[in-house]
Amino acid sequence: MRASTVDRITEYAIAAFLWALRIVVVLVVVIGSLLTLSSGRYGMDTWSSLIVSGLTTGSVYALIALGYTMVYGILRMINFAHGEIFMGGAFAGYFVGTAFSSMGLLNQGPVVVLLAVAIMIIVAAAFSTVLALLVERIAYRPLRNAPRLVPLISAIGASFFLQYTFRGVFGAGIYVYPDVALLGQRVPIDFLRLRWVDVLVVVSALAMMTGLYLFVMRTRMGTAMRAVSEDKGTAQLMGIDVNRAIVTTFAVGAAMAGAAGVLYSLMFDQVYFFTGFIPGIKAFTAAVLGGIGNVPGAMLGGLFLGQVESVGPTLFLDGFNVPAVNQLKDVIAFTLLVLVLVFRPSGILGERVTAQRA
Amino acid sequence: MMDTAVAPAAPDATVDWRRVLRVGLLGGAVALYVCLVGMVEVFQTRALVTGVITLGQTTMVLAGVAAAYLTLRGRAMDRRSAALAGAVAGAVAGAFPAVLVVLAEVVNLRAMFLHASPGTTAVLTVGLGVAGAWVPILALAVVGAVTGLLLTAPAAIQRPATAALTALLLTGLFAGLLRPPLLASSVTAGIGRLLFASDGLTIVGAVTVVIAVIGGRIAMRRASLRSRVAALPPARRRVLTPSAVVALILFVVWLPHGVGPFFAQVVAVVALYILMGFGLNITLGLAGLLDLGFVAFFAVGAYTVGLLTSTAEYGIALWPFWAAVPFAVLVAMAFGAFFGLPILGIRGDYLAIATLGFGEIIRILAGSDLLKGLLGGPRGIINIPRPLEVPPDHLLAGPIQIYYIGLVFALVVAFVAIRLRDSRLGRAWLAIREDEDVAEALGVNLVQTKLLAYMLGAAFAGLGGAVFAGLLGSIFASSFPLFVSINVAALIIVGGMGSIPGVVVGAIFLIGVPELFREFSEYRFLFYGVALIAMMLYRPEGLLPSRIVQRELHVPDADATAEGNGDGDGQDQPSRLAPDAAG
């Protein structure tokens, strides 16, 4: 009898706590936004540039998130090393870009520059794919039927291994990305603080995501991948090569991440061995946000996270006179992650998929 | 490693050349990796045997040994073809660094690969430059041939030779640890100087080690220590266990005094990690909750002690250290409850990411301008008093007292952990770790049980943080990086989840040993990565597993084949996490 009373009390306490958490979060967001907006400290110019930066980082997060979400969908495993695959792509792009830069290709007209950047992206995607397939072969494949924590720990190990391999091979210094003069120029729209690189990032991310979506939904291989993520055993009985589907999933996700690595570094002009870690975790957040295992969800989640993280600190916290709000960017992103995991672990688009699968 | 002798029965002259080539290429890839990642060049600064072989060269030798060993493993071969196959595998492996030497001379590889440098070339060619590109090929071929000979040698030669080489490798590696205690006393200082140079074994030392090992082997031929103990009459055996325990205790007490001031700091840090390991062992080892935000509670404990005891700017209470410690534990526990309540409905791998988020949140907040007025921001809290105020030449001065304090706390925590493990609560934790749904169906209150595990882990992390604050005397937001969480989780995983001796072994291997190679610290996490992957692949239960975990992970294969290629749905949850967090 006593035990059940205790149980009930803890249950109520927890429910009360969670409700209090919800209320506090909503209050902070609403009151903070009202205070910030009513103070009128920031004009259209600031907001629009925040939104643009949210859109660009968000599309990079979305590209990385695709890899997390597809691998999770098919293997139920968090590919912790995915951020390092992204970093590898950024490095590959750096070396190709530096070579182009020394040939003077990056100062030419738009066509040449676009071609050069496209080659950088393609090489980076190819390199990341090779890297991911190696990791999959060595660290993940033998553990496919192991208890869930085992591949996760192996993935954490792979993440560290890759980070410090890059550190050993290329050193701990920060590599400054080759300068592409054209991309740094402003787009001639008066009321928007928009550079061409932002346009490039968003457009190419959208193009790649569309391509991926078509690949997953329309092709035979895509169908096989979806079938395997539904039910491996049945898929195998239907004559699908499960192993090939899994490897393709890794490859496609890694290619997206590698391309994202180049885009990200073009935006922030630098790459070093730790570049992949934080974007990796953020992209995982984006994948969870959109509903893990769900391809359109990852895109949506990435864009949403990008906005929250870019606009959020100023919008929610500045009104409370919090100093140096941008320091708290990651706090907001991680808080969002925890809130989503607690209150809606199925993500934004989660329900629809569950209904489909049921 | 090499005692698994190649069966000398039915010798077979045919060599599987494709296998030789394949393994050789693989070994070459590894050798090339080791060169490019810089180990060859960086490890050059330390010698294995001074004047004979450096650590950098040792890595190449080991690559050759591995190539030959993997080529010959499990093959029945006569001596000559084994030597030949080993030599070829070694030569193929050696060709990779050789090509690197030539390429580095012809092309400017350094623009891309930091370590494709003259330094690496010098090590690989023993200083001959590009003209010595043949050196690695020849050297690895010889190493491979010797390995082949050793593998086909009769056990009477193979065993002692392998043991001697292994001992040589180990004493050379740990020369820095073995030398100071010998030099400390005037009686043994001469021996110390004779055997060890400042950066490795001396030649005399190397010969001594080899003779000692082989002599020891011959002296107690066959009878291993264990079988001799078993052969003792029971009355004497009963004396043996307590005396071993007494010897161990004496050793542990003597340790920080014997190893010199630098290593005293190292052993203090190891003791601290053992303490934290015992704490996380409850959360991760018993209840199976992978908490990657452990550092958050560590930071909470440290900051609590800092705020309560500091005599500088941000101190608020000027409490003595010992009054602040229990308070720090309570505050950490409260934080554990605060963070644990919302997230404990989350399962498995999601929990890992959520807790990782917490760790980052706490670290960023501690260093932010928002809490600068309270916690000092990046400038941190300084002037935290030592736990015991003693004069600097006292027996308990500096890190030594932290070592003892850490160990005493660790013993307390270990005792608590063992008692908890064998309690009703402990069994509930184990049940949750196995299968949450079944545990719940059997009447385990999931949220309560998990929350208790999480809070206890947090409390012990807070205790660790409190001791840490006392050790350093000042704390900054940057003292609490994610790596602390990873370190603790990794040491538990490597040692063996849920196993108390496993934590100690894990802490010694992952925290203590890397400190001995501090000048190579850039490779520390590389080795962690390799250790974690290798552990998961070959020994997921850890080095010293608890009996339960071992049984679990080595169930007869029936279970695995039944699941086959299926989703592994036995322990797998439905694809969506049930939105049961609020319940």
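**Entry 1: ground rules.** I noted that this is a predicted model, in which local features need pLDDT of at least 70 and side-chain atom pairs count only at pLDDT 80 or more, while totals for chains, interfaces and linings use all residues. Residues are numbered from 1 along each chain as its sequence is written, and chains are lettered from A and ligands numbered from 1 in the order in which they are written.

**Entry 2: chain B as a whole.** I looked up the helices and strands first, and chain B has 26 helices and four strands. Both are DSSP runs numbered from the N terminus: helices are H or I with at least four residues, strands are E with at least two. Of the 583 residues in chain B, 48% are buried. A residue is buried if 20 or more other C-beta atoms lie within 10 Å of its own, exposed if 12 or fewer, and partly exposed in between, with C-beta atoms placed from the backbone.

I then looked up the contacts in chain B with a separation of 6 or more, and 76% of them join residues 24 or more positions apart. Two residues are in contact if their C-beta atoms, placed from the backbone, lie within 7 Å.

**Entry 3: where the chains touch.** I found 58 residues of chain B and 63 residues of chain A in the contact. On the chain B side, α15 (321-343), α16 (348-367), α21 (446-472), α24 (524-538) and α26 (558-563) each supply at least two residues. The largest share of that side, 12 residues, comes from α16(B). Sorted by class, the side of chain B that touches chain A holds 36 nonpolar, 14 polar and eight charged residues. Nonpolar means Ala, Val, Leu, Ile, Met, Phe, Trp, Tyr, Cys and Pro, charged means Asp, Glu, Lys and Arg, and the others, Gly among them, are polar.

**Entry 4: a helix pair in chain B.** I followed helix α3 (residues 55-72) and helix α6 (residues 134-152) of chain B, whose axes come within 8 Å and cross at roughly 45°. Axes are lines fitted to C-alpha atoms, for helices over the stretch in contact, and angles run from 0 to 180 degrees between N-to-C directions. That angle makes α3(B) oblique to α6(B). Under 35 degrees counts as roughly parallel, over 145 as roughly antiparallel, 65 to 115 as roughly perpendicular and the rest as oblique.

The crossing of α3(B) and α6(B) is right-handed. Right-handed means that the near helix is turned clockwise from the far one by less than a right angle, and left-handed that it is turned anticlockwise. Among the residues making the contact are Met60(B), Gly64(B) and Leu72(B) of α3(B), and Pro136(B), Gly144(B) and Leu151(B) of α6(B). The residues of this contact between α3(B) and α6(B) are 11 nonpolar, four polar and no charged.

**Entry 5: a helix pair in chain A.** What angle do helix α2 (residues 44-75) and helix α7 (residues 196-218) of chain A make? Their axes cross at roughly 30° and come within 9 Å. α2(A) and α7(A) are therefore roughly parallel to each other, and α2(A) passes α7(A) in a left-handed crossing. The contact includes Val52(A) and Leu66(A) of α2(A), and Asp198(A) and Leu212(A) of α7(A). By class, the contact of α2(A) with α7(A) has 12 nonpolar, two polar and one charged residues.

**Entry 6: single residues.** Gly297(A) lies in helix α12 (residues 295-317) of chain A. Is Gly297(A) buried or exposed? Gly297(A) counts as buried, because 27 C-beta neighbours lie inside 10 Å. Leaving aside neighbours within four places in sequence, the contacts of Gly297(A) include Thr69(A), Gly290(A) and Leu349(A).

Arg76(A) has a phi near 55°, a positive value in a residue other than glycine. Arg76(A) is buried, with 21 other C-beta atoms within 10 Å.
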